[in-house]
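Here are my comments on the model you sent, as numbered points. They cover local geometry, ligand surroundings and helix packing.

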Amino acid sequence: MTARLPQLAAMKDECESQSSLLARCNSVVMMADTVMPGLERRLKAQLLGDVAFDAFTRGRYATDASHYQIMPIGVVAPRSIKELEHTLALARQEGVSVLARGAGTSQAGQTVNSSLVIDCSKYLDHLVELDVPGKRCVVEPGIVLDELNRRLKPHGLWFPVDISTSSRATIGGMVGNNSCGARSLRYGNTRENVLSVDAVLANGTSAHFGPAAPDLSDLPAHSPLRPLVRTLLDIAAREANEIEARFPKVQRRVGGYNLDALTPDRNQLNLAHILVGSEGTLAFSTLIELALSPVLGTRAVGACHFGSFARAMDVTRHIVKLRPIAVELVDRTMLGLAREIAMFKPTIDAVVRGDPEAVLFVEFAEPDQNENFRRLLRLNEMMSDFGFGWDKPGAKRGGVIEVLDPKLQNAIGEMRTAGLNIMMSMKEEGKPVSFVEDCAVPLEHLAEYTAKLTAIFDKHGTRGTWYAHASVGCLHVRPVLNMRLEKDVKAMRVIAEEAFDLVRAYKGSHSGEHGDGIVRSEFHERMFGPRLVRAFEEVKARFDPNGFYNPGKIVHAPKFDDRGVFRYAPDYRGDDIRTHLDWSNYPGSGGGFQGAVEMCNSNGACRALKGGVMCPSYRVTHDERDVTRGRANTLRLAITGQLGPDALTADAMVETLKFCVSCKACRRECPTGVDMARMKIEVQAARAAKCGLSLHDRLVGYLPRYALLASKWPRLANLRNDVPRLRRWSQKYAGLSERRDLPRWRADAWRETASFIGVPNARPIALFVDTFNRYFEPENVAAALTVFAAGGYGVHLPKPADGDGRPLCCGRTFLAVGLVEHARAEAQRCVDALAPLVARGIPVVGLEPSCILGFRDEIPALIKSGAAHRIAAEALLFEEFLAREAQQGTLRLPLKPLAKRGLLHGHCHQKSFGTMGTVATTLKLVPELAVETVDSSCCGMAGAFGYGADTLEVALKMGELSLFPAVRAAAPETLVLADGTSCRQQIKHGTGRDALHVARVLAMSL
Ligand SMILES: Cc1cc2nc3c(=O)[nH]c(=O)nc-3n(C[C@H](O)[C@H](O)[C@H](O)COP(=O)(O)OP(=O)(O)OC[C@H]3O[C@@H](n4cnc5c(N)ncnc54)[C@H](O)[C@@H]3O)c2cc1C
Ligand code: SF4
Ligand code: SF4
């Protein structure tokens, strides 16, 4: 049932002072799980923005980055602040509570509720006003921090609360949580950087919260804030002594309401500060005014190595006396995990010497770099004064590695901010859990506190990894627990209680930067005392007497270990589904598929709008459905029966995955390795098995089977492109956009005339000629053969071992439409044909990234044989092979100067497998060729994706993000380079330019 607000209000009146009953009242709201047809109808009729009340969408908004899950009533993404206000009014009329949401990256469960979710991140993301001389700006709540800082950078400014989730966290969410950055020593928390907030109160009035005279004399007479603030000031004055006694005196205190901002001893009053950190429970922020800072100049970083964790903790309090702007801890476990991750290994190798127990990254950023150097020197001296030396044994082994290269400094930052995700990459069911991860203690107690908390973990048979903000005593540590097990949930409570007692004894803060949410609100009484908690309840009641905004957070919270609101609730089970690929590295049903899906911890790194590739579809649509996290959450709910029967094969699941271009970027860039492209194969397979294939899918999937025939009758096969009516029909009946030319069939398609080309003693390689280059661009095959001949290689051209005249194909098109068994059969033909060559040590070289890298990725997952794995190890892209030869000094290519510029676009799979470096190396072999790489995500074509009538628009928008503008800006004589067949097609369609495979460029320079 859905509790309506008036009824709830009546219940609350009845039990005003009985907090346990109030908690129950709130939990009635929180557990409500019924859609509201009246509200849905009215919202849909009256808003231009997105309104969704279906289970799939609600499911995607049921989690944040915590371990909680609560189904919301519905989801709205308003198009404007006006629409937002209207949405609030409708919700109020219908008696439904509201949950404001930014990126949903909160770790404490404050961004889940059974309310109507209002997503600010999709449309409410404008920079409304920028005052450069005044160093201030006004933004809508949904703007992402990195995006804001990109806009501010040309003006030499930034919003300096540099939180780890800056690539996706919104300013609304940061204000909601009073977020804190690594450099809070210099800049303070969000609260110190917020000038004012415009917000809608629970009763529907809008108000401006900003600086005010202590007697409120400067508030307009009619201001709705006058009576409200008067009461708040009275509460703060009444509780001033208690606030002084019970509010921890550490910088990192974000728990409770900021009553300390209203006490009479303050000579400056800023009313916005009561909203900061209120987790959407008091009002809905619509415009936020921020104080900006000049961007950081040159910096100097010292990586202090310690042979003992305890000593690192002890020395921190001395290091801060050197006035660094950040001191960030990474412990031995995390260093080890980071070393295992391809993205971070080079950073660790560059800045970590030996095998320290802990490293403190100490950052100095004074305007004068000489001053930074002086402080680095003093840091070195301090370390040796404390007895550390590179020549010392055990705990005393240590010293400082100086990092002055800004790129490396940034790489350290990236590695550090990925801390949680690095830890979450463990594949077992037990995972590091957030609940005591956010405590902050005064620095003089840091060593003792960390030792005692580690002892508590030991006592309960678990362990934790330490990292983050040593400078302010706020260390993140998450004990590894399995939230599916009652015994681990019980351990979680005991650990929390013991840990918080410890923190209180040190006069620390239990809520240091991630907020209260469900996980810490319950403990306010223990930490702040009952009197202040009653005062917090009064604040809430004064702002929001009916629990309209995010009920059950900060006050009247449920028990933090109530398994009913867990992501892994007591009845959580994986369905017994049939899967086709190898998921055996993971636990759970479907041969481990469940565990692979559950790797997503909702941290939202895939919502980044720039940098890397992940996730190209989200970058275009800004829709939670179209991001890796949205897809993974939908899959998780589907395979655990939470979206109704047959959810895995439902139309809504097809929609969920429709814009996933299988670029495999998440495979590399998702910090926990969620591989959606591979998961999509399973879903496509389940759908194909249940519903059969559309004509579109048949045309795509069976391409290798009819290609030979089509290439024999190219004029006939190309009629679809040439006859407008056929174009229209192809759109109508096969879903192929009439606006796209399909690749042209060629009469001169590549056909093997021999099984070996070259002189008998030449160094042998095997050239795998893929379906796309064979039939559509045979000149690429010819170019590769020219290069190999010039290099003195003998080229084997493998043929199917089954004697069938049909050429080999890796099976990619079958995988794309879910015909996994057909793909397996194609892959098996390849394995049979290539295995004898590979057994002789002959490498397999190919031109098309998606095919050759499929040999490394999908084929071993399809065929569990030694031969398939050996081929995976020996399958190389054209450039990988040449770069390897060059590196080994065995490449003999007589390349002549080619005085041209080149603009290179990498295929997603090349980026995913980290092979772009070899493309650059190969192109550098060509004298006088100057190549620049486009900072692009997926080109948008992605196999057949760009040809679909219903995906064309998104495909073209993906191209427009950066690739098309870069190609259009290139001079006509610049060579546009792209190894992917579909990338070349997309570039041609989007810009009219012909792009070349790298093999063509090398052949040109011979
Ligand atoms: C891997 C990882 C690392 C993190 N690192 C840090 C860190 O370094 N420092 C740090 O402080 N935090 C960190 N966090 C926590 C989190 O990312 C931050 O608190 C972030 O600012 C939340 O932003 P969001 O847009 O995701 O907010 P959301 O989670 O969407 O919302 C946060 C709160 O604000 C409320 N809210 C959102 N918009 C509004 C609005 N318009 N009006 C009123 N209330 C609103 C919500 O209701 C909710 O209570 C980390 C989280 C993860 C997963
Ligand atoms: S898919 Fe990966 S990057 Fe995205 S939220 Fe999940 S774990 Fe994070
Ligand atoms: S494969 Fe690409 S498009 Fe699909 S979820 Fe991963 S990053 Fe996004």
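Is Thr628 buried or exposed? The first point takes this up.

1. The model is a predicted one, and the values below are computed from it. Thr628 is buried, because its relative accessible area is 4% and the cut-off for buried is under 20%. Thr628 is found in helix 25, which covers residues 628-639. Beyond neighbours within four places in sequence, Thr628 is in contact with Cys606, Met614, Cys615, Cys666, Val674 and Met676.

2. Two of the residues in contact with Thr628, Met614 and Cys615, are joined to each other by a cis peptide bond. The omega angle of this bond is about -10°. Cys615 sits in the loop between helix 23 (593-597) and helix 24 (616-621).

3. Cys666, like Cys615, is among the contacts of Thr628.

4. Ligand 2 is likewise surrounded by 13 residues. The closest to ligand 2 are Cys600, Asn603, Gly604, Cys606 and Cys670. By class, the shell around ligand 2 divides into six nonpolar, six polar and one charged.

5. Which residues other than glycine have a positive phi? Asn178 is one of them, with phi near 50°, and Ser662 is another, with phi near 55°. Asn178 lies in the loop between helix 7 (171-177) and helix 8 (184-187). Ser662 lies in the loop between helix 26 (651-658) and helix 27 (665-669).

6. The accessibility of these two residues is as follows. Asn178 has a relative accessible area of 2% and is therefore buried, the cut-off being under 20%. Ser662 has a relative accessible area of 25%, so Ser662 counts as partly exposed.

7. How do helix 35 and helix 41 pack, and at what angle? Helix 35 (residues 778-790) and helix 41 (residues 878-888) pack at an angle of about 15°, and their axes are 12 Å apart. The two helices are therefore roughly parallel to each other, since angles under 35 degrees are put in that class. The crossing of helix 35 with helix 41 is left-handed. On the helix 35 side the contact involves Ala784, Val787 and Phe788, which meet Phe878, Phe881 and Leu882 in helix 41. By class, the residues of this contact are six nonpolar, no polar and no charged.

8. Helix 41 has a further partner in helix 43 (residues 916-924): their axes come within 8 Å and cross at roughly 65°. Here too the crossing is left-handed. Glu879, Glu880, Leu882 and Ala883 in helix 41 meet Thr918, Val919, Thr921 and Thr922 in helix 43. The residues of this contact divide into three nonpolar, three polar and two charged. Leu882 of helix 41 takes part in the contact with helix 35 and in the contact with helix 43.

Note on methods:
Residues numbered from 1 in each chain as written. Chains lettered and ligands numbered in written order. Predicted model: local features only at pLDDT ≥ 70, side-chain atom pairs only at ≥ 80, totals over all residues. Heavy atoms only, no water. Axes fitted to C-alpha atoms, helices over the stretch in contact; angles between N-to-C directions. Helix = DSSP H or I, 4+ residues; strand = E, 2+ residues; numbered from the N terminus. Parallel < 35°, antiparallel > 145°, perpendicular 65-115°, else oblique. Left-handed = near helix turned anticlockwise from the far one by under 90°. Contact = heavy atoms within 4.5 Å. Nonpolar A, V, L, I, M, F, W, Y, C, P; charged D, E, K, R; others polar. Buried < 20%, exposed > 50% of the residue type's maximum accessible area, 1.4 Å probe, protein only. Near = heavy atom within 4 Å.
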